[in-house]
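Please keep the sequence and the structure in view while reading.

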Amino acid sequence: MKEQLHELLNQQQYRAVTTIDRPLLIIAGAGSGKTRMITYRIAYLLHQGVSPSSILALTFTNRAAREMSERVSQLTEGPAAGLTVSTFHSFGLQLIQAHGPLLGYRGSITVFDTQDKLAMIQEVLRQTPGLRGGVTAGEAASYISQKKTSLGNSAEESHPALPRIFTEYQDHLKAFQAVDFDDLLLLPITLFTSRPEVLSSYQKRFQYILVDEFQDTSNIQYRLLRMLADYHRNLCVVGDDDQSIYSWRGADYSNITSFEKDFPEVQEIKLEQNYRSTGNILEAANHLIANNRLRKQKSLWTGEVQGLPLHFRVFEHETEEAESITAKIRELALKNSWNYDDFGILVRANSLMGTLEHELMAAAIPYTVSGGMSFFARKEVKDVIAYLRITANPHNDVDLLRILNTPRRGLGKSTAEELRSTADSGGSSLYSAAEMLAFGEPSPLPSRGKHALQELIELIRWAREEVKTGKPISEMLSRLLDRIAYRQFLMQEHAKNPRIGEWKYGNVERFREFLSRWEEDHEEGELSLADYLNRISLTGKQEPDTRGGKVSLMTIHASKGLEFPCVFLPAVEDGIIPHEKSIAENPQAVEEERRLFYVALTRAKEALYLSRCSSRKFMQSRRDASPSPFLQEIPESFFTETAPSSSPTREEVLRTFADLRSKLKSRQ
DNA sequence: GGGTAAGCAGTTTTT
DNA sequence: CTGCTTACCC
């Protein structure tokens, strides 16, 4: 085994794989074979006779988790039973479910996604008197999130009612047996703090803990890790501070420093050989990132050839730029016999994708756009999920409110208010209140509303009975959809544009197919409907369509972890990268913007085409665009001859910065 | 309860 | 310009 590993891995990778008796900090530069190293490490542990159940591997995205467990089972020739490879959040959910009673939950727990959370907050706001629009649901949501994730550090209170909204919100969640995404990390910590014996059992069980993309961990995630690893102290974290691009959502790469402090016996390994990019591309990226002050020193190198110089062009406007990119793709696809899926077009903001999409379509080049609205977050799909969740747990108020008048059945604002006040005075759920109002005498509802409510309750009762019989839920769902005439509802909603209606109903059908496939595949008694629906809110992304032959158009953020032989980077302009808004919020964000640009550059294996425009349409008007200051940080020698004349002069850059600063000042 | 008109924002996004 | 939310009126 060891000899084999020596052949397959370089010196540093080998050490990273086989050092298994102490905490490890692996700084893995872009393209340094990180995923490969991690999977080999797990396989090595298993080969050394470590029981799969004492290994815990944590990732951020479901994609990463899936990839990792697939690659491990390839190496070990079959999946290792008991091995935990999961995202932080689903691991948290597992813990919460396993110890529900200790945390005050009984029965099935519902995971609220961002939209559910907002809906719930809106409910709370409506009920909190004296709030005359002082706080928006969004503000409250970010306060709540901050409060939960800051772990005792004070959250900023922009409004005196926020603490009360927070407690109200928490009470509501508890009442519905629901948790939000933050809770998935927070509740395990609460559990471990209040029940040291539970913590201890997990500490003993997980002898080896691995964390991928460590630079993306939040403080709360790090704290959970520290708790879990405290006994065996065998925590291996892998990350690259230069690729930390998610600080705006709580990632804190200073966790790397904390890790070194908390685990002083740590051994540090740097993976610095890049296997992805040609010399020019890698060197250019190195020059750029060297301008960041706050980073770990490292020097990525490659054994690859020098390769092509970087291309850079200036266009008049975005249409010209997009036309040129599509033409280039065409040309390269023919000349280099590349496939369309060898090309990636990476942009800083979603708003830049429109023109590019348009041109790709016009040129009949197949493409996929990644990101965008998650399939399971679409309104029509969420409606259907709400119906199913109500079936699993009728006392979930958020779901009841969602379906109350969808499709329209004459149960609007006034009925909802009546339900709310009845529920509040009786301390019951909305569903119980609805039963009372629908069948109780006397009822404050007008007879039409009463009737509609009766029908709705009978529908829910019917659905619950159907599920109890053990017949396929997907069949029940089709009949339910017929009963509520959901298709007609969608068509009516989009009477002006029937194609949208058809498309939306198609999504509903697709969801039904998912459900029915899950029912066929899943093992008896393993997962309940509620569990399945929870998993959907945790794995909510639509599968990216990577199956061959398509150009990928995506944001730079979405491109992390991917690579393309040929990368196009349009709109390398000041105000776009670095993004004006991000700098305005926090001037220190320049370094993160630079990392973002670095991530973009290092996605390319062989060819890199940068471009900018001298003017760009911005909202309704057109405005002049100056080059990104980052271009100055890449020496001209890396570019083709066309570059120097188009690069900005030092004076130009300074002027742009001065302009930007004064603009920001005047706005305040 | 529903429909229309005015109002407003338009970075990145996973779980 | 567009897409979405809010507010108001019927």
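In this predicted model, Asp242 touches Ile289, Arg295, Lys298, Arg595 and Tyr598, leaving aside residues up to four places away in sequence. One of these, Arg295, also makes a polar contact with Asp242, side chain to side chain, at 2.7 Å. Asp242 lies in the loop between β7 (235-239) and α12 (255-262). Is Asp242 buried or exposed? Its relative accessibility is 1%, and because buried means under 20%, Asp242 counts as buried.

A pair of helices comes next. Two packed helices are described by the angle between their axes and the distance between the axes. For α9 (residues 181-194) and α11 (residues 219-229), the axes come within 10 Å and cross at roughly 35°. The crossing of α9 and α11 is left-handed. The residues that make this contact are listed below.

| Helix | Residues in the contact |
|---|---|
| α9 | Leu185, Leu186, Pro188, Ile189, Phe192, Thr193 |
| α11 | Ile220, Gln221, Arg223, Leu224, Met227, Leu228 |

By type, the residues of the contact of α9 with α11 comprise nine nonpolar, two polar and one charged.

Finally, the whole chain may be considered. Chain A contains 29 helices and 18 strands. It has 668 residues, of which 53% count as buried. Among the contacts in chain A with a separation of 6 or more, 77% are between residues 24 or more positions apart. The chain exposes about 31100 Å², and carbon and sulfur atoms supply 49% of that area.

Note on methods: Residues are numbered from 1 along each chain as its sequence is written. Chains are lettered from A and ligands numbered from 1 in the order in which they are written. This is a predicted model: local features need pLDDT of at least 70, side-chain atom pairs count only at pLDDT 80 or more; totals for chains, interfaces and linings use all residues. Side-chain values use heavy atoms; hydrogens and water are left out. Helices (H or I, at least four residues) and strands (E, at least two) are DSSP runs, numbered from the N terminus. Buried means under 20% relative accessible area, exposed over 50%, partly exposed in between (1.4 Å probe, protein chains only). A polar contact is a pair of N or O atoms within 3.5 Å; within protein, one must be able to donate a hydrogen and the other to accept it, and residues adjacent in sequence count only if both atoms are side-chain atoms. Contact means heavy atoms within 4.5 Å. Accessible areas come from the Shrake-Rupley method with a 1.4 Å probe; for residues, only the protein chains shown count as cover. Axes are lines fitted to C-alpha atoms, for helices over the stretch in contact, and angles run from 0 to 180 degrees between N-to-C directions. A crossing is left-handed if the near helix is turned anticlockwise from the far one by less than a right angle, and right-handed if clockwise. Ala, Val, Leu, Ile, Met, Phe, Trp, Tyr, Cys and Pro count as nonpolar, Asp, Glu, Lys and Arg as charged, and the others, Gly among them, as polar.
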